[in-house]
2 protein chains.
Amino acid sequence: MNRRLIVGIDLGGTNLKCCLFDSGLRIKDRSSFSTKSFIDKERLIRGIAFSINNFIAKLDLSGRDIAGVGIGLPGPVDASRGLVHFLPNIKGWKEVKLKELLERQTGLKIFIDNDAKLMALAEHELGAAKGYRNALCITLGTGVGGGLIIGGSLYRGSDNAAGEIGHIPINERGPVCGCGSRGCLEAYVGNSRILKDARRIFGPGITLEKLSLMAKSRNTAAAAFWEKIGGRIGLALSGAVNLLNLDAVVIGGGVAGAGKVLLESVKRNIRLRAMSVQAKRVKVLRASLGNDAGMIGAACLVRDRILKGRC
Amino acid sequence: MNRRLIVGIDLGGTNLKCCLFDSGLRIKDRSSFSTKSFIDKERLIRGIAFSINNFIAKLDLSGRDIAGVGIGLPGPVDASRGLVHFLPNIKGWKEVKLKELLERQTGLKIFIDNDAKLMALAEHELGAAKGYRNALCITLGTGVGGGLIIGGSLYRGSDNAAGEIGHIPINERGPVCGCGSRGCLEAYVGNSRILKDARRIFGPGITLEKLSLMAKSRNTAAAAFWEKIGGRIGLALSGAVNLLNLDAVVIGGGVAGAGKVLLESVKRNIRLRAMSVQAKRVKVLRASLGNDAGMIGAACLVRDRILKGRC
């Protein structure tokens with residue numbers, strides 16, 4: 001049998017999610033574990049190897065059936081050397097040679113990359129950004145990440161660190177950001193800041209899920225709250241749109257669940273703020289692959305590198 | 001004789017500057033006219049044609065010796081159709097088919113583009129950005145323009161409108177900008193805003209040239225003034241550097257004449273604000289081609305399109 005199956009893995013701060021894909025990127029099997037159930041880095045890496053081997057055992061496959069394994073990680077990664085620099089939300093990861101370690105444990109070809117980049121790759125290959133040559137995908141969560149498609153391909157920048165839309169400053173004297181700077185978009189619309197602001201207005205019992213539901217059932221205060229967040233996202237995106245003259249901006253991640261009111265506010269603020277040619281061109285779209293985007297992107301990475309021979 | 005000579009033209013709000021280049025982009029002849037001496041658009045276009053024909057007549061050439069003419073324009077341009085959308089600082093230009101008009105008047109192949117993009121092309125081919133794969137060139141003047149080199153080539157964006165670093169917002173409630181938005185970098189560091197601020201501090205007789213000289217001779221107030229401007233440029237650039245993980249940022253245009261104090265402030269603020277990997281990678285450099293950059297870039301455009309057959 002040809003090596004035609006691909007494993008796509010999304011390692012997040014909350015869950016380790018794995019999918020087995022066929023060569024057409026259709027899902028054949030999936031598994032999920034709580035990331036925190038692995039008590040240290042070594043056990044988490046063994047957990048990843050176990051997840052891969054489990055697919056092979058369950059479906060009575062051999063390692064020869066697997067073309068490769070792609071893994072998305074929530075932090076800066078040296079994709080070409082297979083090195084994880086660090087993971088801000090998972091303890092104990094610093095300069096980990098993940099590719100080498102896992103290739104030794106599984107005997108399979110391993111490819112790793114940053115999760116926001118893989119989400120952009122997935123949305124461009126199969127999701128909302130499909131067919132757009134120049135696009136920015138933004139993921140709204142604890143962190144605010146992003147991935148850029150330029151000229152139809154994932155743009156990595158000089159150190160595979162491009163796409164950090166969360167760290168565009170929108171106010172020179174704004175709040176301190178986790179990156180060490182001030183007034184970055186993430187310092188305004190990262191989940192923890194949103195929740196803090198929400199608690200001040202709606203009381204300590206509020207959650208972002210509740211606040212999304214309230215906006216959907218037309219609670220005026222909740223709608224105004226999300227509109228303000230959309231305004232700030234739109235402000236930062238208008239800068240990126242002016243700089244890059246993009247075809248599309250794709251918005252994904254948990255906060256995007258606030259739905260129409262958020263998306264409309266982002267759209268309105270880009271129209272209001274961006275230059276006329278750029279504003280007229282850009283489509284503002286909701287990500288369409290949901291929670292599977294990271295795994296699909298990881299599988300795309302393997303397919304592009306091995307099956308198509310591309311970088 | 002082969003068609004090996006190239007005319008490069010830089011049409012600015014102040015001067016119409018023309019150079020005749022050989023195929024190695026060495027300058028063979030040059031001319032300059034005051035843009036305002038042409039009383040309307042038609043006469044200015046005839047002035048461009050005259051400048052070209054003048055080179056041919058002076059050096060006893062024929063039209064056959066000219067491979068093509070490149071023209072940089074201070075506004076949005078549809079480079080592929082040869083159309084000038086409008087010129088914010090030259091009256092009467094709206095949707096002008098400049099390529100078609102000039103090809104009829106001269107019988108030569110005409111290529112046009114935005115001047116900031118051509119400056120970036122020139123700095124990348126022959127100047128400070130040479131050898132860098134991913135670079136942003138920023139021009140500081142009445143407007144704040146820019147051009148992006150991505151993967152070693154000029155990046156145009158979906159409508160040839162990319163590079164507008166001057167319209168990255170750095171403050172959501174900042175001053176109104178000429179583009180219609182608020183708090184853009186240009187609204188803080190465009191020449192007219194700088195001069196207004198300078199007059200408030202240094203009195204009505206101050207000019208930007210004087211202020212540059214004062215900073216160079218270590219006047220503390222003047223140095224602090226330029227440092228603040230460098231801080232804002234550095235702030236906007238840190239966003240671009242985080243988003244694009246650039247190898248180099250090249251700073252040109254009149255205000256860059258403020259020299260070391262401005263450049264050092266830009267560098268310090270990028271180091272302070274940008275994420276560690278991105279900040280470590282990026283070189284902040286002063287443009288090296290000076291006032292000739294636009295003409296050299298226009299000549300590069302012709303060389304790339306005709307002599308090398310590239311787009």
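Which domains does the domain assignment give for chain A? It gives two entries: domain 1, made of 5-118 + 292-307, and domain 2, covering 130-288. Before I go on, please keep in mind that this is a predicted model.

I'll stay with chain A for a moment. Its secondary structure comes to 10 helices and 13 strands. The C-alpha trace spans about 55 × 45 × 35 Å along its principal axes. For 311 residues, a compact globule would have a radius of gyration near 19 Å, and chain A has 20 Å, which agrees. Buried residues make up 53% of the 311. If you take the contacts in chain A between residues at least 6 apart in sequence, 63% of them join residues at least 24 apart.

Back to the two domains. The centres of domain 1 and domain 2 of chain A, taken over C-alpha atoms, are separated by 27 Å. The contact takes 10 residues from domain 1 of chain A and 12 residues from domain 2 of chain A. On the domain 1 side, strand 5 (77-78) and helix 3 (115-125) of chain A each supply at least two residues. The residues on that side of domain 1 divide into 6 nonpolar, 2 polar and 2 charged.

Next, one strand in chain A. Is strand 9 of chain A, residues 135-140, enclosed or open? Of its 6 residues, 6 are buried, so strand 9 is largely enclosed by the rest of the structure. In a regular strand, side chains alternate between the two faces of the sheet. Here both faces are covered: A:Ala135, A:Cys137 and A:Thr139 are buried on one side, and A:Leu136, A:Ile138 and A:Leu140 are buried on the other.

Strand 9 of chain A pairs with strand 10, residues 144-150, in the antiparallel sense over 6 bridges. A hairpin joins these two strands through 3 residues. In that pairing, A:Ala135 stands opposite A:Ile149 of strand 10. Strand 9 of chain A also pairs with strand 12, residues 248-252, this time in the parallel sense over 5 bridges. There, A:Ile138 stands opposite A:Ile251 of strand 12.

Now the interface between the chains. How many residues of chain B are in contact with chain A? There are 36 residues of chain B in contact with 36 residues of chain A. On the chain B side, the elements giving two or more residues are helix 7 (220-244) and helix 9 (276-281) of chain B. Helix 7 of chain B gives the most, with 7 residues. By residue type, the chain B side divides into 17 nonpolar, 12 polar and 7 charged.

Moving on to helix 8 of chain B, residues 260-273. At 1.5 Å a residue, its 14 residues should span 20 Å, and the end C-alpha atoms are 20 Å apart, which agrees. Which of its residues are buried? They are B:Val261, B:Leu262, B:Ser265, B:Val266, B:Lys267, B:Asn269, B:Ile270 and B:Arg273. An α-helix has 3.6 residues a turn, so residues three or four places apart point the same way. What covers the buried residues of helix 8 of chain B includes helix 6 (208-216), helix 7, strand 12 (248-252), helix 9 and strand 13 (283-286) of chain B.

B:Lys117 is another buried lysine, and it sits in helix 3 of chain B, residues 115-126. It counts as buried with 29 C-beta neighbours inside 10 Å, the cut-off being 20 or more. Leaving aside its neighbours within four places in sequence, B:Lys117 is in contact with B:Gly147, B:Leu154 and B:Gly163. B:Tyr155 is 38 residues away from B:Lys117 along the chain, and their C-alpha atoms are separated by 8.6 Å.

Last, two backbone angles. Most residues other than glycine have a negative phi. A:Arg218 has a positive phi of about 60 degrees although it is not a glycine. A:Arg218 lies in the loop between helix 6 (208-216) and helix 7 (220-244) of chain A. B:Asn245 also has a positive phi, near 45 degrees, and is found in the loop between helix 7 and strand 12 of chain B.

Are these two residues buried or exposed? A:Arg218 is exposed, with 9 other C-beta atoms within 10 Å, whereas B:Asn245 is buried, with 25.

Terms used. Residues are numbered from 1 along each chain as its sequence is written. Chains are lettered from A and ligands numbered from 1 in the order in which they are written. This is a predicted model: local features need pLDDT of at least 70, side-chain atom pairs count only at pLDDT 80 or more; totals for chains, interfaces and linings use all residues. A residue is buried if 20 or more other C-beta atoms lie within 10 Å of its own, exposed if 12 or fewer, and partly exposed in between; C-beta atoms are placed from the backbone. Helices (H or I, at least four residues) and strands (E, at least two) are DSSP runs, numbered from the N terminus. Two strands pair if DSSP finds at least two bridges between them. Two residues are in contact if their C-beta atoms, placed from the backbone, lie within 7 Å. Ala, Val, Leu, Ile, Met, Phe, Trp, Tyr, Cys and Pro count as nonpolar, Asp, Glu, Lys and Arg as charged, and the others, Gly among them, as polar. Domain bounds come from an automatic or database domain assignment. The expected span of a helix is 1.5 Å times one less than its number of residues. The radius of gyration is taken over C-alpha atoms; the globule rule is 2.2 Å times the number of residues to the power 0.38.
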